Amino acid sequence: MKITLNHEKLSKLLNYASKAVSSKPNIPILSNVKLDVTKNDLKLSATNLDMGINVWIPGVVETEGSITVSAKFLADFVSASTSDNVELELKETVLQVKTSKSKANFNTIPATEFPVLPQLTETKFFSIESKELLKSLDKVIFSCSTDMSPGKIQQTGVLFEVVSEDGKDELYLIGLDGFRLSKRNVKVKDLNKELTSNQVIVPARYLQEMMKIVSDMTDVDVVDIFLSENKSQIIFKIDEIEFSVRLLEGPYPDYKRILPDGSAFSFEVEKKEFESAIKVISTFARSNLAYKTLFDLDIENKQVKLKSSVADVGENETAIGVENVEGESDLNAAYNLRYLQDIVAHISGEKLKFETKGPLAASVFRDLGDEKFMHILMPLRREV
């Protein structure tokens, strides 16, 4: 096996491949990256059995072959060295890596021991604009649970649900944790409608790694998405990169039961004003159990008061003006302030809209700058 590659390209794609390598694998081969040299290129493969990456790098091939080497040490060496090109050559069981000024020898493990990564099926699931995919995932992942216990592990993933109706093909992305829910719709293209009955749950922690790659590849406009032949893995094709993730099994919570069908109270508020009020109240609320913050809507004066108190310390409150207020009486509710902070951080418009049926009902926060996004938050009980 012998190939000459562009140094910058190899360094960058080795970094991507290394994202799929376990830091403390149970099987030694899983700490390695697989190198497959064919007629015109090098294919890098890495996996931790739940996430996998294939990347292709064009090069000048002298001899074909396959081998595996330490992903970390190879990536670190190539990254630290400086050169226009890198030469990889397998001599018996040792991989020699040479640049114009440096060289290294790596012990290897045969490629036959490396796990098989899922292959792209002939028919893709759908295509999606990369910017819309990133925006949508950013607005739902923060609501996903981190509880990996049985029966709750499904909530650590993002639900991908494809809906085809009224002449539109859309992907619904859902993230929830039992206290809050985020939902965003996004248009898709080239939908395989035979798969629309499938709801797939993709682990949020691996989606975050995929998002880093898509964000970095600014010249990629569209991401093609496939399901593996046995429907157990989802594959994101990002130009010359295939990023695969093992799907979570089991039923996803029936999120549609949580979606409110109307409201008794509503108002609109400037994002900056709401954000400023949250910052003031956090000085006390961060010391409370569940960051408890009282949330009082004054219909007559068109304002919301946020209040918090700490035993043996004191209390504070701040008021913000609101617009387009609806409601027949005042509203006295309470929320986890940390969750309110998360909502504001993911509002892209200048205003947000609040809706609820009552002090103990699920409350809806809408981004008036992004009609495709909605967030639902459960209130806390209050004594006063």
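1. **Overall make-up.** The model is predicted. Its secondary structure comes to six helices and 25 strands. The C-alpha trace spans about 80 × 50 × 40 Å along its principal axes. The protein has 384 residues, of which 52% count as buried. Among contacts with a separation of 6 or more, 67% join residues 24 or more positions apart.

2. **Helices α1 and α2.** Helix α1 covers residues 7–18 and helix α2 residues 71–80. Their axes lie 9 Å apart and the packing angle is about 150 degrees. The two helices are therefore roughly antiparallel, the cut-off for that term being over 145 degrees. The crossing is left-handed. From α1, the contact takes in His7, Leu10, Ser11, Leu14 and Ser18. From α2 come Ala71, Leu74, Ala75, Val78 and Ser79. By class, this contact has six nonpolar residues, four polar and no charged.

3. **Helices α5 and α6.** Helix α5 runs over residues 271–285 and helix α6 over residues 337–345. The axes come within 10 Å and cross at roughly 155 degrees. That angle makes α5 roughly antiparallel to α6. This crossing, too, is left-handed. On the α5 side, the residues in contact are Lys271, Phe274, Glu275, Ile278, Ile281, Ser282 and Ala285. On the α6 side they are Leu337, Leu340, Gln341 and Val344. The contact of α5 with α6 divides into seven nonpolar, two polar and two charged residues.

4. **Salt bridges, overall.** How many salt bridges does the structure hold? The count is 27. Side chains of opposite charge can pair when their charged atoms come close.

5. **Lysine 2 with glutamate 62.** The closest N and O atoms of this salt bridge are 3.7 Å apart. Lysine 2 sits in strand β1 (residues 2–6) and glutamate 62 in strand β4 (residues 51–63), so the bridge ties together parts that are 60 residues apart in sequence. Are the two partners buried or exposed? Lysine 2 counts as buried, at 18% relative accessibility, because the cut-off is under 20%. Glutamate 62 is exposed, with a relative accessible area of 53%.

6. **Aspartate 370 with lysine 139.** Here the closest N and O atoms are 2.9 Å apart. Aspartate 370 belongs to the loop between β24 (363–367) and β25 (373–377), and lysine 139 to helix α3 (residues 130–141), so the pair ties together parts that are 231 residues apart in sequence. Aspartate 370 is buried, with 6% relative accessible area. Lysine 139 is also buried, with a relative accessible area of 3%.

7. **Arginine 366 with glutamate 355.** These side chains meet in a salt bridge of 3.3 Å, N to O. Arginine 366 lies in strand β24 and glutamate 355 in strand β23 (residues 351–356), 11 residues apart. Arginine 366 counts as partly exposed, at 30% relative accessibility. Glutamate 355 is buried, with a relative accessible area of 14%.

8. **A charged network.** Which residues are linked in a network of salt bridges? The members are Glu132, Lys135, Lys139, Arg184, Asp367, Asp370 and Lys372. Lys139 and Asp370 are the pair described in point 6.

9. **Positive phi at glutamate 92.** Most residues other than glycine have a negative phi. Glutamate 92 is not a glycine, yet its phi is positive, about 60 degrees. Glutamate 92 lies in the loop between β6 (85–91) and β7 (94–98). At 76% relative accessibility, glutamate 92 counts as exposed.

10. **Positive phi at aspartate 190.** What is the phi of aspartate 190? The value is positive, about 55 degrees, and aspartate 190 is not a glycine either. Aspartate 190 is placed in the loop between β12 (180–187) and β13 (199–203). Its relative accessible area is 51%. Aspartate 190 is therefore exposed, as the cut-off is over 50%.

Conventions
Residues numbered from 1 in each chain as written. Predicted model: local features only at pLDDT ≥ 70, side-chain atom pairs only at ≥ 80, totals over all residues. Heavy atoms only, no water. Axes fitted to C-alpha atoms, helices over the stretch in contact; angles between N-to-C directions. Helix = DSSP H or I, 4+ residues; strand = E, 2+ residues; numbered from the N terminus. Parallel < 35°, antiparallel > 145°, perpendicular 65-115°, else oblique. Left-handed = near helix turned anticlockwise from the far one by under 90°. Contact = heavy atoms within 4.5 Å. Nonpolar A, V, L, I, M, F, W, Y, C, P; charged D, E, K, R; others polar. Salt bridge = Lys/Arg side-chain N within 4 Å of Asp/Glu carboxyl O. Buried < 20%, exposed > 50% of the residue type's maximum accessible area, 1.4 Å probe, protein only.
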